[in-house]
Amino acid sequence: MNAETKPSRLRDTRITMAHGGGGRAMRDLIEEVFTDVFRPDSDEDQARLSAEALREPGARLAFTTDSFVVTPLEFPGGDIGKLAVCGTVNDLAVGGAQPLWLSAAFIIEEGTEIAQLKRIVASMAREAAIAGVRIVTGDTKVVGRGSGDGVFITTSGVGVIPPGRDMAARHIRPGDVALVNGVLGDHGATILAARGDLALSSPLQSDCQSLNGLIEAVLAAAPGTRAARDATRGGLASCLNEMAMSAGVTVALDEAALPLRPEVRGMCEILGLDPLYLANEGTLVLFVPEDQAGAALAAMHATEAGRDACLIGRAVEKGTIPVTLRTAFGGTRIVDMLVGEQLPRIC
Amino acid sequence: MKYVEEFRDPSKAHALLAAIARAADAIGASAENPIRIMEICGGHTHAIFRYGLDKLVHEGVEFIHGPGCPVCVLPMTRVDEAVEIARRPGVIFTSFGDAMRVPGSKGSLLQAKAGGADVRTVYSPLDALELARRNPDKEVVFFGLGFETTTPSTALTIQVAAREQIPNFTIFCNHITVPPPIKALLDDPYMQLDGFVGPGHVSMVIGIHPYDFIARDYGKPLVVAGFEPLDLLQSVLMVLEQIRTGRAEIENQYARVVPEHGNPVSIAAMADVYEERPSFEWRGLGEIDASGLRIRDKYLAYDAETKFGIGYAASTGRTPVPEPEGCACGKVMTGRMKPTACPQFGRGCTPDTPLGALMVSSEGACAAYWTYGGARLAAE
């Protein structure tokens, strides 16, 4: 019998402090909302994991953690649950790890609708199945109304890096090319539009997606791939600055090559925002040796997440500026780290 | 994007740049003896640097960056007054994003927010009015900023508030007008300007004739310009052609948007709600006669200064706060100094640690130099 058809034991439609109190209400919530969906192997307070994958000599464990806060909790193309799975899966995958297990800890604000919580949890289970990872342990806490923003989720992830793989920004060399798997800024623009206070309607969807499959495909086709990063908070600009500084190179971008949807460009034009700083949740940047660029692009084009993959620039000898952009107009400008947060302009 | 890309076409730009070079040569302009054209608007300054126009035009054309950035010209005193209102209990202080990071002597609005004040970014004064409707137990204040471009929107918002008799909404009015500071610059014997590029969206509201005095009384050309790179290049060419042929006129390059006489509905709304202040304080320019607007008596219930007894309505009078030690924003804003000539640029003053507004406003000249590279790229 699955969770949807079982009669509900939960008498409330919203989370109350009792759901965090340690008693029957909490047990009912955890069973009905979480464990019936995630189905961990053990009833114990810990996940017990097989070390089989580590048996191969030279294999390494990868371990990462990330917290997720987003308003609104559900948005076109995703929700905080999907985000919490994709985010941690991608943090493992960009380092060359094959993600295996996740933990999920929830901080839930009193008053949150249980039906919404169930949707978020179902979305996590769905995305975990897509990414091929299991959510094996978790925790819930309830905080009083006003002390949270609906739901906060922290996921930690464990994966295995196969022997011989060593992806890191410091391996990037002048001459390597920079590739992205798809269009930039969709997630950030979707969230801005979904908040509703801009009165903008758009057909945009968040790009939120797990990228481990795509990365495996790239590594099979282009084993010399130096490094990958997902361009989340701070957008492509901040991600490339970090990579350029770790690698000791300058990254020279070509504005005309940047893949942007007209809707995202239009929204940025109106609000005075720069799409290079908009957050992405399913977009990564890869550096590969130039002679493997074609193979990497072809491998990405064969996947759903990499349909719009393209070359956006290249690493060059280190100058004083980590990231520069050749404008479509023929000039060159700096692409700096994001300062504070992007704020819409007056006029 | 239709109607935008066409005005960013590099091949058309090259034709305009060649025509600019011919006109500049015909006038005899050179790097040592340049034609100095002030782009009044900070939006133009940013477009110039975003597209690298300063490097692309003939060396005999020098852009002088003008005072047309509403956040930059706001003196520290006004930022302090905004922070003071925001910190009052029961106040929701709303502002456009631009003004959030601008430093006052007691910190910025963002810092006031971190300190517990209820400060929110809105995208329109009507959003602030909606907050007032939804929070009847709070006082909602909107930081009214800007030139004639934004003034009609706050005027219309006050009219709506008055019609609905919303009692908990006020505007902290810092609206200013473009012509008076230009007159102040033209009267300054140290300023040597050969012509102006005028802000297109201000003229969309007021038309082109409020600038007639510049041609008539000072013999200088002004071309009202759009904001895309081709708009700017064409406007520069029009200024140079006027100089080459010995004319001084007010011309309209941005005719696809700017009607000669402006927008009568906006002008009527502004006239209904606002009147000239006797004078208003500008950063770098000091008090300028008849350069600011205040809310007329019939709408005084919507005036935050009156409601909170602050600023020009303070019973104790105003004491202007001096600019921070070493901050040259005033000189930069009035075209007397290039951002990179300021000893603090990139040292004591960066976007993360701004001394003055020009480094953090989206239209500030220093922000343009910093963001798009000017000095830092030159060091390559």
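My entries follow, starting with the ground rules.

**Ground rules.** I am reading a predicted model, where local features need pLDDT of at least 70, side-chain atom pairs count only at pLDDT 80 or more, and totals for chains, interfaces and linings use all residues. Residues are numbered from 1 along each chain as its sequence is written, while chains are lettered from A and ligands numbered from 1 in the order in which they are written.

**Helix α1(B).** I checked the length of α1(B) first: at 1.5 Å a residue its 18 residues should span 26 Å, and the end C-alpha atoms are 25 Å apart, which agrees. (The expected span is 1.5 Å times one less than the number of residues; a helix here is a DSSP run of H or I with at least four residues, and a strand a run of E with at least two.)

Which residues of α1(B) are buried? I found Ala13(B), Ile20(B), Ala23(B) and Ala24(B). Buried means 20 or more other C-beta atoms within 10 Å of the residue's own, exposed means 12 or fewer, and partly exposed lies in between, with C-beta atoms placed from the backbone. Seen down the axis, the buried residues of α1(B) fall within an arc of 100 degrees, so they line one face of the helix. The arc is taken from the directions from the helix axis to the C-beta atoms. On the face turned away from that buried side I noted the exposed Ser11(B), Ala15(B) and Ala18(B).

**Contact.** Chain B gives 35 residues and chain A gives 26, counting C-beta atoms within 7 Å, placed from the backbone.

Note on methods. Two residues are in contact if their C-beta atoms, placed from the backbone, lie within 7 Å.
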